[in-house]
Amino acid sequence: MDPHLPVPRALTVVQLPDGTYTYTDPAHLPAQPVPPQVVQHIHQAPPDRTVQRLALGSGIGAGTVAAGVYFGPLLVGALTAIAANLAILAFLAVALTWGVVTVVKSVGGPDGKAATSSLRKTRR
(Lines give C-alpha, C1' and ligand atoms only; values in the text may rest on other atoms or scores of the structure.)
Protein backbone atom coordinates (compact mmCIF):
# COMPACT_ATOMS: atom_id res chain seq x y z
CA MET A 1 0.00 0.00 0.00
CA ASP A 2 1.26 3.41 -0.83
CA PRO A 3 1.59 5.78 2.17
CA HIS A 4 0.62 8.72 -0.05
CA LEU A 5 -2.90 7.42 -0.74
CA PRO A 6 -5.76 8.93 1.23
CA VAL A 7 -6.68 6.99 4.36
CA PRO A 8 -10.23 5.64 4.68
CA ARG A 9 -12.07 7.13 7.67
CA ALA A 10 -12.21 4.14 10.05
CA LEU A 11 -8.71 2.80 9.29
CA THR A 12 -5.19 3.79 10.32
CA VAL A 13 -1.95 3.41 8.35
CA VAL A 14 0.61 1.24 10.12
CA GLN A 15 4.18 0.47 9.06
CA LEU A 16 5.00 -3.24 9.35
CA PRO A 17 8.41 -4.50 10.59
CA ASP A 18 9.46 -5.26 6.99
CA GLY A 19 8.95 -1.59 6.08
CA THR A 20 5.72 -1.88 4.10
CA TYR A 21 2.57 0.06 4.99
CA THR A 22 -0.91 -1.33 5.52
CA TYR A 23 -4.31 -0.24 6.78
CA THR A 24 -5.58 -1.51 10.11
CA ASP A 25 -8.52 -0.96 12.40
CA PRO A 26 -7.51 1.19 15.43
CA ALA A 27 -9.55 -1.08 17.71
CA HIS A 28 -7.10 -3.91 17.03
CA LEU A 29 -3.99 -1.90 17.91
CA PRO A 30 -2.53 -2.31 21.41
CA ALA A 31 -3.06 0.65 23.73
CA GLN A 32 0.69 1.08 24.26
CA PRO A 33 3.70 -0.65 22.75
CA VAL A 34 4.57 -3.93 24.43
CA PRO A 35 8.28 -4.11 25.35
CA PRO A 36 10.08 -7.24 24.15
CA GLN A 37 10.31 -9.93 26.80
CA VAL A 38 13.87 -10.84 27.73
CA VAL A 39 14.30 -14.42 28.86
CA GLN A 40 17.56 -15.13 30.63
CA HIS A 41 18.35 -18.44 32.22
CA ILE A 42 19.39 -18.18 35.86
CA HIS A 43 22.44 -20.39 35.42
CA GLN A 44 23.84 -18.25 32.59
CA ALA A 45 25.57 -15.02 33.51
CA PRO A 46 25.50 -12.30 30.88
CA PRO A 47 28.83 -11.91 29.10
CA ASP A 48 31.09 -9.19 30.39
CA ARG A 49 31.52 -6.69 27.59
CA THR A 50 33.11 -3.89 29.62
CA VAL A 51 36.32 -3.89 27.59
CA GLN A 52 34.42 -3.83 24.31
CA ARG A 53 32.22 -0.96 25.51
CA LEU A 54 35.23 1.05 26.64
CA ALA A 55 37.07 0.34 23.40
CA LEU A 56 34.16 1.30 21.18
CA GLY A 57 33.44 4.37 23.30
CA SER A 58 37.02 5.60 22.98
CA GLY A 59 36.85 5.52 19.20
CA ILE A 60 39.12 2.61 18.34
CA GLY A 61 38.00 0.31 15.58
CA ALA A 62 36.07 -2.91 15.58
CA GLY A 63 39.22 -4.77 14.50
CA THR A 64 40.90 -3.88 17.77
CA VAL A 65 37.88 -5.05 19.71
CA ALA A 66 37.79 -8.30 17.75
CA ALA A 67 41.49 -8.81 18.40
CA GLY A 68 40.93 -8.26 22.13
CA VAL A 69 38.06 -10.72 22.15
CA TYR A 70 40.11 -13.29 20.24
CA PHE A 71 43.53 -12.87 21.83
CA GLY A 72 42.35 -12.19 25.39
CA PRO A 73 41.54 -15.84 26.18
CA LEU A 74 44.70 -16.95 24.37
CA LEU A 75 46.77 -14.67 26.60
CA VAL A 76 45.10 -16.04 29.72
CA GLY A 77 45.79 -19.59 28.54
CA ALA A 78 49.44 -18.83 27.83
CA LEU A 79 49.96 -17.18 31.22
CA THR A 80 48.30 -20.14 32.94
CA ALA A 81 50.61 -22.55 31.11
CA ILE A 82 53.65 -20.49 32.10
CA ALA A 83 52.53 -20.43 35.74
CA ALA A 84 52.01 -24.20 35.71
CA ASN A 85 55.49 -24.74 34.27
CA LEU A 86 57.06 -22.50 36.92
CA ALA A 87 55.21 -24.38 39.67
CA ILE A 88 56.48 -27.71 38.34
CA LEU A 89 60.04 -26.35 38.16
CA ALA A 90 59.82 -25.04 41.74
CA PHE A 91 58.57 -28.42 42.94
CA LEU A 92 61.42 -30.18 41.13
CA ALA A 93 63.97 -27.80 42.66
CA VAL A 94 62.64 -28.48 46.16
CA ALA A 95 62.54 -32.24 45.60
CA LEU A 96 66.07 -32.35 44.14
CA THR A 97 67.47 -30.18 46.95
CA TRP A 98 65.85 -32.43 49.56
CA GLY A 99 67.24 -35.49 47.78
CA VAL A 100 70.77 -34.07 47.59
CA VAL A 101 70.73 -33.08 51.27
CA THR A 102 69.46 -36.52 52.27
CA VAL A 103 72.16 -38.29 50.21
CA VAL A 104 74.92 -36.04 51.57
CA LYS A 105 73.76 -36.71 55.14
CA SER A 106 73.63 -40.48 54.73
CA VAL A 107 76.71 -41.04 52.55
CA GLY A 108 79.00 -38.19 53.52
CA GLY A 109 79.93 -39.40 56.98
CA PRO A 110 81.29 -36.74 59.35
CA ASP A 111 81.96 -34.28 56.50
CA GLY A 112 78.34 -34.52 55.31
CA LYS A 113 77.01 -34.00 58.81
CA ALA A 114 79.31 -31.00 59.27
CA ALA A 115 78.11 -29.55 55.95
CA THR A 116 74.45 -29.93 56.92
CA SER A 117 75.05 -28.44 60.35
CA SER A 118 76.86 -25.46 58.80
CA LEU A 119 73.90 -25.01 56.47
CA ARG A 120 71.55 -24.97 59.46
CA LYS A 121 73.69 -22.35 61.20
CA THR A 122 73.69 -20.09 58.15
CA ARG A 123 69.88 -20.25 57.89
CA ARG A 124 69.43 -18.97 61.45
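Two strands pair if DSSP finds at least two bridges between them. Helices (H or I, at least four residues) and strands (E, at least two) are DSSP runs, numbered from the N terminus. Keep both rules in mind for this tour.

The model is predicted: local features need pLDDT of at least 70, side-chain atom pairs count only at pLDDT 80 or more, and totals for chains, interfaces and linings use all residues. Residues are numbered from 1 along each chain as its sequence is written, and side-chain values use heavy atoms, with hydrogens and water left out.

**Whole chain.** Show everything as a cartoon. The protein has 3 helices and 2 strands. Along the sequence the pattern reads β-β-α-α-α. The accessible area is about 10,900 Å², and carbon and sulfur atoms hold 68% of that. Areas come from the Shrake-Rupley method with a 1.4 Å probe; for residues, only the protein chains shown count as cover. Of the 124 residues, 4% are buried. Buried means under 20% relative accessible area, exposed over 50%, and partly exposed in between. Take contacts between residues at least 6 apart in sequence: 0% join residues at least 24 apart. A contact means heavy atoms within 4.5 Å.

Select residues 12–15 and 21–24. These are strands E1 and E2, antiparallel and joined by 4 bridges. Click Val-14, then its bridge partner in E2, Thr-22. Next, Gln-15 has Tyr-21 as its partner in E2. The hairpin leaves 5 residues between the strands, and Gly-19 in the turn has a positive phi of about 100°.

Select Asp-25. This residue lies in the loop between E2 and helix H1 (50–57). Asp-25 is partly exposed, at 31% relative accessible area. From its C-alpha to that of Val-14, 11 residues apart along the chain, the separation is 9.7 Å.

Tyr-70 counts as exposed because its relative accessibility is 54%.

**Last stop.** Select Ile-88, in helix H2 (residues 62–107). Ile-88 belongs to a nonpolar surface patch whose members include Leu-75, Phe-91 and Leu-96.

Terms used
Patch = residues over 30% accessible without salt bridge, like charges linked within 9 Å, V, L, I, M, F, W, Y side chains within 5 Å. Salt bridge = Lys/Arg side-chain N within 4 Å of Asp/Glu carboxyl O. Buried < 20%, exposed > 50% of the residue type's maximum accessible area, 1.4 Å probe, protein only.
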